[in-house]
Every structure is written in C-alpha cells, then in structure tokens.
Amino acid sequence: MQKFVVCGGQKLSGTLRVDSSKNAILPIIAGCILTDEPVELQDIPNITDVKKMFDILRAMGAKVETGDGRAVIDSSTISRFEIPHHLAKDIRSSIFMLGPLIAKYGRARVAYPGGCDIGSRPIDLHLFGLRELGVNICEEYGFIDCYCEKIRPTTIHLDYPSVGATENIMMASVLGSGETTIFNAAKEPEIVDLANFICAIGGRVEGAGTSTIKIYGKTTLHSTSYKPIGDRIIAGTYLLGVAICGGSVTLTNCNYNDISLLVNKLHNSGCYFNVESDKMHMEANSRLLSIQNIETQPYPGFPTDLQAQVMALQTVSEGTSVITENLFETRFKHVPELIKMGAKITLRDRMAIVRGVESLSGAEVSATDLRGGASLVLAGLVAKGQTVVDGAHFIDRGYPSLEEKLSSIGARIERV
Ligand code: EPZ
C-alpha cells in the first residue's frame, strides 16, 4: 500500500495545468457505447477510475486503445452486456453503463457499484428513471438485471437532482424516437459536458445545466473527437493547497464559473484573484480568516467534493467555521485524522465546527476516501514536521500524480 510523505512549511508558487474532469469523463466513457463508430477522447486523466472503466468496456468486447493521453473507443464489437462484481465493485461510475447499454442493446446486467465510502450511495433514482422509460428491472443476487424491448420516451420528475441518475436517464434516452424530459435534473458542469458529448456524436440534448433537460431520440450516431472540461474539484484542491501554505498559483484549463463559490469565499478570507476565461491566478500572503459557514449543496451550491479540502484550510484559519455536509451521511472520516494533527473539530450530526489553530503538527494518518485523502495531504503541507498519509490509492482514483504536481510548485511530498 503506497503512502505520501509530506514535509510541511513550504510556501507554494508556480503554474499548474488542471487535468480533465474525472466526473465528466467517466459518464462520457460510458456514453461511447451509444455509437458504433470509433470515438476519440483527448486529454485523458491518468487516474485509476478511468482505467477501470476502460477495463469494463473491454470486458464487454469493445476495443479501447490508449496512448499519449488519448483513447480511441470502438463499441461496435460489444457482445456481452454483463458487468461482473469484480469490475463494478470498485467504482461508482460502473452504474453509468446501464443507460447506454439499455438504449443500444435493450439489456444490461450490472453488479451493484462501489465508490467512495462516504455514505450508502443508493441507486433508487437511477432505477426509478429507467423504469419510467419502460425498462424492466430485477434486482437479485447482487445484480441489477435490465431488459427493455423499446425505450418509452416520457417525462421524469426526480425527487432529488442526482448527478448519476440524471446522466443515466439522459444516456438511456438518446437513441430511438420521441422526447424525454427530466425535471429537477442535476445542473453540474459535468452534466453539461456529457450533453455536449452526446450532441457531438449526433444526439440531441437541450437544457443541460438547468433543472429541466430534454432529450430527443435519434436513430443513428457517429464518431467524434472530444476533450472533456477541466476538473473543477482538482482546481479547487490546488487553490486550497496554496491557500493553506501561502504563496501564489496560476491554474490553466479551468473555468472560474465552475468553482466561483469557492473562489468568492477564498477572496473574502483574504486571497487575491485575477480571473481570465480559462485560467486563474491566486495569491495568499497571510493567515486567512475563517469561512464562517459552508453548506454543501448540489451545483451551483458549495461542492461536497471540496468539503474535506476546505476543512483542512479552516483548521488553521483565524476564527471558527461551521461546515455542514448535506449530501453524504458519512463524509467526515477525515475529521479524526485531522484531529490527530492538532485540529480542533467538533462533530454534531452533519455539522463540523472547526476552531482555527495557529499550527498543525505532522502525524501518521490514513485516507479512507478520495477527497478525505486529499484533505490530509493539504493539512500535511502546512503542518510542522512530517506527515505520512496512508492509502495513496484512494487519492490516485481522482488525482493524477498529485505528488508530482504539488512538488512542481514547491511542496516537499513524495510517494513511498
Ligand atoms: C457524483 O456522484 C460524483 N461522482 C460524486 O463525486 C459527487 O460527490 C456527487 O455526484 C455529488 O456531486 C461521479 O460523478 C462519478 P448523486 P453520484 O447521485 O452520482 C443521493 C468524487 O469525490 N442519491 O448526485 O453518486 C445520494 O445518496 C465523487 O469525485 C439517492 O438518494 O451523486 C446523495 O445523498 C464522490 N438515490 C445525493 O443523492 C440515487 O439513486 C447525491 O448523489 C442517487 C443518489
């Protein structure tokens, strides 16, 4: 099991290019199933979740060639429609295969998905939407067994703007004829990117980015070469890393609008920003003021995927911060690890009350999920002495070569 060893106390300075978005490219990889023509994906992030999605496609018979940060996916040779437990269990995005498989082949048998251990991660909204589209679903023996003669375009009202359910329903509706409308759809930038990809292969999706999305069935799709958006969570993580250490950073391949709420909160805490269309510059020259209230919400609210990382910053900011996690019921597993480093955090149900301290001290800590692990690395960057973060593989799920990126702007971090 690999670890990160971090020596704290360095100010950071430099330029970082933000990698393509994990949460955009994972559903897009599934969406490649929809067309029988080869699709080229550019700027593929080197993360384990992407590799596992490619393994799933290959297991079904698709051809996937990768190299130079690109992938060419040919789904015309798919001949199996089952995703076994050992391929589905490690990632949440295995569930995204349901929609495109049913749209194209009328059948799918997928083992229950895995993903970060941050809550129960139900899939009831996915299955609700697919059943509304006329899909017969049987849940038995750890599998979701789906069969559908013909997708029945309809209007679907989601009880909650679930990102994954919106993506699965969207992809299930792309082929055929007729119009499907999703009300209370998720509005994340990754939803817009998936819709743009679907349109790039000849599908027709309107309203992505709003709470009402319309999908018009099309009978034939074609190839494309597509570059996903930059990863707003990686961009936010980098900003928080420089904010916690002090220094300056220029980020490229990122869109201010995707993380404007975080940027505005950091600005109000004392950071300076210069924002352009696809890059931003930030300076943090003194101890920051606490962000008094953070409540995670679906986009455009504060992203749950930045909750752990912003908490690391609050542990050394001036004042008290109240962080409420509204999306996932057990997404505070980084808290006891931060406390080992000297953080003053009190948990009350879904609220974490963080009293800023002058400094943290390095310790041996363990990551148990992707973003919690990133939070511990950020804390190690500012802690006195050495911090060892166990569970590097959790972090590798969503951050390509985190140690190389942070080292390039002055951090003392290595993988062992
Ligand atoms: C996506 O997960 C992301 N993962 C998550 O990122 C992200 O935290 C989440 O969206 C919210 O933004 C990928 O895109 C691969 P949801 P997803 O369905 O689709 C409840 C990361 O760190 N819900 O929007 O699983 C659910 O319990 C990961 O990159 C149901 O009740 O998120 C949660 O409370 C972690 N029934 C809320 O909705 C369902 O059928 C949000 O879940 C589905 C979800």
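Because the model is predicted, local features need pLDDT of at least 70 and side-chain atom pairs count only at pLDDT 80 or more, whereas totals for chains, interfaces and linings use all residues. Residues are numbered from 1 along each chain as its sequence is written, and side-chain values use heavy atoms, with hydrogens and water left out.

The chain has 14 helices and 24 strands, where helices (H or I, at least four residues) and strands (E, at least two) are DSSP runs numbered from the N terminus. Its radius of gyration is 21 Å, close to the 22 Å that the globule rule gives for 416 residues, so the chain is as compact as a globular protein of that length; the radius is taken over C-alpha atoms, and the rule is 2.2 Å times the number of residues to the power 0.38. Along its principal axes the C-alpha trace spans about 65 × 45 × 40 Å. Buried residues make up 58% of the 416 residues, buried meaning under 20% relative accessible area, exposed over 50% and partly exposed in between, with a 1.4 Å probe and protein chains only. Of the contacts in the chain with a separation of 6 or more, 72% come from residues 24 or more positions apart, a contact being heavy atoms within 4.5 Å.

Strand β22 pairs with β23 (residues 386–390) in the parallel sense over three bridges, and Val365 stands opposite Val389 in β23.

Strands β12 and β13 (residues 212–216) run antiparallel and are joined by three bridges; the bridge partner of Val205 is Ile215 in β13.

Elsewhere, β9 takes part in two antiparallel pairings, with five bridges joining β7 to β9 and five bridges joining β8 (residues 136–140) to β9. Strands β8 and β9 form a hairpin with two residues between them, and Tyr141 in the turn has a positive phi of about 55°.

Helix α4 (residues 98–105) has seven of its eight residues buried, so it is largely enclosed by the rest of the structure. The buried residues of α4 pack against α1 (22–31), β7 (107–111), α5 (124–132), β9 (143–147) and α6 (163–172). Just after α4, Gly106 takes a positive phi of about 75°.

A search of the whole structure finds two aromatic pairs; rings of Phe, Tyr and Trp (its six-membered ring) pair if their centres lie within 6.5 Å, and planes under 30 degrees apart count as stacked, over 60 as edge-to-face and the rest as tilted. Phe81 and Tyr105 form a tilted pair, 4.7 Å centre to centre with 40° between the planes. Phe81 lies in the loop between β5 (70–74) and β6 (82–83) and Tyr105 in helix α4, so the pair ties together parts that are 24 residues apart in sequence. Phe81 is buried at a relative accessible area of 14%, whereas Tyr105, at 24%, counts as partly exposed. Phe197 and Tyr226 form an edge-to-face pair, 5.6 Å centre to centre with 80° between the planes, and this pair links Phe197 in helix α7 (residues 189–200) to Tyr226 in strand β14 (residues 224–226), 29 residues apart.

Methods: Two strands pair if DSSP finds at least two bridges between them.
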